[in-house]
Every structure is written in C-alpha cells, then in structure tokens.
Amino acid sequence: MDYDVLILGGGIIGCAVAYELSKYNFNIALIEKDYDIADDISFVNTSIVYDGSETSDNIMAGLEYIGNSLLEETCQKFKLPFKKIGALRVVNDDNGVKKLEEMYNRAKDRGIDGVYLVDDKDIYDIEPNINNNVKKGLYSENVAIIAPYDLAIAYAEVASDNGVNFRLEEEVISIQNIAKGFIVNTSKNKFRCKVVINTTPNEIYIKENGIVEEKETYENEDEFKNMSYLLVDNNYNNKLSKIVIETFDKNTFVLSSPTITDGSLIGIKSVNKTSLDDNLDYANNLLNDLKKSNINNLFRESYDKDSMLIDDSEIDKGYIRVTGTHYGKITIAPAIAKMLCDTLSSNLNCTLKKNFIDKRREFYRFREMNKKEINEIIDLDNRYGKIICSCNTVSEGEIVDCIRRPLGARTVEGVKRRTAAGFGSCQGSYCNEKIINILARELDKKPTDIVDDSKNSKVISGRIKEFKDV
Ligand SMILES: Cc1cc2nc3c(=O)[nH]c(=O)nc-3n(C[C@H](O)[C@H](O)[C@H](O)COP(=O)(O)OP(=O)(O)OC[C@H]3O[C@@H](n4cnc5c(N)ncnc54)[C@H](O)[C@@H]3O)c2cc1C
C-alpha cells in the first residue's frame with residue numbers, strides 16, 4: 001500500500017481531518033487539485049463560529065456546539081484569534097417574535113447556556129449602535145468570529161510537520177475498489193490505500209467494482225440562494241460590535257459582523273438579486289447612515305442552509321464521504337474531524353504517535369506587536385524592517401517566512417491570504433508588484449511566471465520592451 005489513508009480535498013474539512021489523523025501512526029496523504037489549500041474559504045465566508053442555538057437540525061446543533069468549544073481550544077493552541085463577541089438576532093414583527101421564542105426554547109432543550117431572549121431596551125444596551133426599529137432579540141454570548149483561512153493553514157502546517165504528505169495541483173480522477181482498499185487515480189499518479197476520506201464537493205467519480213457515487217441533491221435546491229456581501233470601510237463610525245442578524249421573513253435577512261481585523265462585513269440574503277442601493281437600504285435597517293462611500297468591496301455568493309452529508313455507511317470498506325454546503329461548516333469541521341478520527345483509529349486499531357508535535361512553528365504579525373517586539377525581530381533579520389504593505393503593516397520578512405514555511409505560499413493570493421498584504425484600503429495597488437518580485441526571487445522563477453492563484457492566472461503577461469526579433 002502507498003498510504004493507509006488518502007484524504008481527498010484540502011478545504012477546511014480535509015485540513016482538519018489531516019491534523020486529527022496525524023496524531024496517529026497512519027501513513028497519510030492529502031490530495032488537492034489547486035495550487036494552495038483552503039482556496040475557497042478565505043474571502044467569501046463570514047467567519048462566524050455558531051453555537052448550535054440557531055439551527056433547526058439537532059445533529060448539526062450538536063456538531064456546532066462541540067465545534068465551538070474545540071475551535072476555542074485549537075485557536076488558543078495555534079495562537080489564532082477567537083473573538084467571542086456574541087450574536088444578536090433581532091426581529092420587528094409578531095411572527096418574528098414567535099420564531100425567536102421557538103429558537104430560545106430549542107436552545108434551552110439542547111442545554112445550551114448563555115442564550116437569552118431580550119426586549120427592546122436590553123437590545124440597545126447590548127448593541128447601542130443598532131437602528132431603533134427592532135422589537136425583540138435573541139442574544140447568544142457563545143458565538144465567536146475567527147480567521148478561517150489561518151485556521152486551515154495552521155491545521156495543514158501542523159499535519160505536514162507530523163508527516164502528512166500534501167499533494168497539491170493533483171486532481172483526483174477516479175477511485176477504484178480493490179481487494180483490501182482502493183486505487184485512487186489522479187492527474188499525475190496512481191495510489192493504493194486502505195482508506196479514502198472524500199471531502200471534495202459535487203464530484204462524480206467513475207468507480208469500479210463497488211460503490212457508485214452520484215451527485216448529491218439537496219433539499220431546497222430550487223430555492224434562490226443569493227447572498228450579497230458589503231465590506232465596510234474602517235472609517236465608518238457606526239459599526240456594530242456584535243454579530244447582528246435581522247430577519248424579515250423566511251427568505252430575507254441582513255447580517256452585520258465585525259471582521260477579525262476590526263472591519264465590518266454586511267451580508268444580505270434575499271429572494272431577488274439586489275443592487276448596491278437595495279443592499280444599502282437593507283443594511284440601513286440595522287445600521288445608521290451607511291453610505292456608498294463607506295463600502296470598500298462588494299461580492300456575491302450562494303447561501304446554503306442545512307445541506308450536509310457525512311456518510312460513513314461504507315466505513316467498514318474503508319470509504320467515508322463528507323460533503324455538503326452547510327452555512328456553518330467551518331464551525332463543525334473540528335467536530336467532524338475528531339469523530340471520523342476516533343472511529344477510524346479504533347476500526348483500524350491504530351496507536352497514537354509518541355512524538356506528535358501539537359504546535360505551529362513560530363510566526364510574527366507586526367500589526368499585532370508592539371514597537372519593542374518589532375525592533376527585536378528587525379535586529380535579528382533586517383528584512384523585517386522593510387515594509388511592503390503599508391496599509392496593513394506587512395514586512396518583507398513576514399512575506400518571505402510565509403513562502404518558506406511548510407506548505408508555503410506560491411501565488412500572490414497565497415501571500416495575501418497568509419499575511420494580509422494587499423488587503424488594505426489600497427487593495428494591493430502599491431504592493432502587488434513587490435509581492436510578485438519577492439515570490440519570483442524566493443521560488444527561483446521569473447516575475448512573468450508568477451500566478452495570482454491558479455495555473456492560468458499570470459499577473460504579468462510579459463516585459464515591456466521585450467522583443468523576440470530585433
Ligand atoms: C458565503 C458563505 C459564508 C459562510 N460563512 C460561514 C460562517 O460564517 N461560519 C461557518 O462555520 N461556515 C461558513 N461557511 C461555510 C464554509 O466556509 C464552507 O462550507 C467550507 O469552507 C467548505 O469547506 P470544505 O472543506 O467542505 O470544502 P472546500 O473548501 O470546497 O474543499 C474541498 C476541496 O476539494 C478540492 N477538490 C475538488 N475536487 C477535487 C478533485 N477532483 N481532486 C482533488 N481536489 C479536489 C477543492 O479544490 C477544494 O479545495 C460559509 C460558506 C459560504 C459560501
């Protein structure tokens with residue numbers, strides 16, 4: 001066998017599973033088709049860690065509840081932010097009040113502490129900047145925000161340091177059953193393994209001699225899933241300090257969430273595709289005087305409710321499938337990983353590694369350090385004294401480190417996501433070129449070979465004044 005376990009897909013679920021399994025004496029590889037792990041979760045999600053009080057599904061509620069406390073522990077261990085800022089759901093009509101009461105009773109039945117029904121006066125005590133048109137609220141003090149991309153990278157780095165082989169830019173083409181396991185065919189290789197944990201979404205594999213996989217269909221598939229996001233400028237003065245969600249009807253809500261970098265993100269879910277003006281109207285139900293000039297960026301994503309599938313019905317044959325697009329999948333990732341790992345290690349009778357290192361290699365973030373600490377680092381390595389992104393105070397040293405670490409950045413997006421360079425108010429217009437040059441130097445490539453985030457995304461198409469025939 002080439003591997004005991006092959007994990008397919010390097011999203012947050014794949015990385016969390018890789019980390020949990022790397023505690024055991026398994027020979028493991030993770031296969032990811034893209035240039036980088038966790039390619040889709042960094043920008044488009046709201047980074048909320050739920051607590052199991054909001055969902056109508058009891059299984060998901062249990063996973064969220066466990067996930068919430070595991071994430072708090074994990075973030076502390078990996079020195080990542082976990083800000084328990086609390087979430088306030090507000091409504092302005094009787095039907096909404098009824099729904100909140102149901103939610104509150106469900107939370108109580110599930111034994112979730114720290115969830116309270118609040119009246120209008122208490123709402124303004126909790127969130128003084130909220131617009132004054134709400135009738136009732138449900139406040140949960142357990143809900144937090146995190147940095148999901150940093151979390152995925154941390155899981156992957158620790159897993160890699162503990163022996164997991166990350167195979168990037170390798171696409172799984174098919175899975176084939178054999179007598180004692182599987183053959184996984186990729187765009188580059190053919191691997192034999194005992195166990196496959198498939199976390200890739202909506203893939204149909206040609207399977208021989210056994211399990212036939214079909215594209216999943218979810219409930220509510222025909223429901224319109226439009227979600228618009230507004231990234232609010234740091235200069236906007238009336239930002240809310242809690243995650244606040246105002247529900248208008250079953251298909252429409254507006255959400256305001258602080259970001260981990262003290263910004264603010266507004267999400268609008270509605271049946272109709274909304275324009276920027278519509279989105280501002282929705283947002284101003286919650287916020288005071290939010291204007292176009294306060295918006296830094298706008299993007300759309302699809303919104304998914306409780307569609308999630310954890311299929312371990314073939315676990316005795318060595319095949320596990322985790323898929324679906326649940327809106328709280330980051331929250332539940334550590335709970336799923338732990339659950340799978342416990343089952344697999346006992347099924348395969350595997351022992352814990354004696355030399356497992358449960359620690360992430362040291363890294364520095366200048367924007368989180370004081371002057372004295374910064375100067376000490378610059379004394380050790382003067383590349384830390386050269387600021388590349390002045391919006392977010394990111395030094396050359398931090399960029400070089402993020403390229404040289406295990407599973408280091410190889411693309412411009414990879415650097416930006418790991419260091420926050422280029423994510424400031426100038427959106428990279430001053431530092432993109434510098435990042436490209438550092439990447440080229442560190443990876444021993446030409447600047448024209450550096451890509452933004454995938455194979456066909458070259459940033460510089462050629463040199464000006466470069467002539468083939470002169
Ligand atoms: C708009 C939005 C907001 C969200 N907000 C939150 C939130 O606030 N809180 C929360 O907890 N969750 C949130 N989520 C959920 C969460 O971000 C995602 O569901 C989660 O990141 C998905 O992770 P994953 O590992 O399951 O899938 P993915 O990240 O999709 O990972 C699967 C990986 O498999 C790879 N792959 C696919 N096919 C192949 C192949 N053939 N071979 C090799 N690799 C392959 C892909 O490249 C990908 O990297 C949100 C989601 C969305 C869309």
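Visitor: How do the residues of the lining of the largest cavity divide into nonpolar, polar and charged?
Guide: They divide into ten nonpolar, two polar and three charged, with Ala, Val, Leu, Ile, Met, Phe, Trp, Tyr, Cys and Pro as nonpolar, Asp, Glu, Lys and Arg as charged, and the others, Gly among them, as polar. This is a predicted model, in which local features need pLDDT of at least 70 and side-chain atom pairs pLDDT 80 or more, while totals for chains, interfaces and linings use all residues. Residues are numbered from 1 along each chain, and side-chain values use heavy atoms, without hydrogens and water.

Visitor: What counts as a cavity?
Guide: On a 1 Å grid over the protein atoms alone, a cavity is a set of points where a 1.4 Å probe fits but cannot get out, and lining residues have an atom within 4 Å of a point.

Visitor: Which residues lie nearest the centre of the largest cavity?
Guide: S53, E54, A87, R89 and V143, out of 15 lining residues. At least three lining residues come from each of domain 1 (1-84 + 144-218 + 305-361) and domain 2 (87-141 + 220-302); the bounds come from an automatic or database domain assignment.

Visitor: Why does it lie between domain 1 and domain 3?
Guide: Because domain 1 (1-84 + 144-218 + 305-361) and domain 3 (366-449) both give residues to the lining of the second largest cavity.

Note on methods
On a 1 Å grid over the protein atoms alone, a cavity is a set of points where a 1.4 Å probe fits but cannot get out, and a pocket is an open set with protein on both sides within 12 Å along at least five of seven lines; lining residues have an atom within 4 Å of a point.
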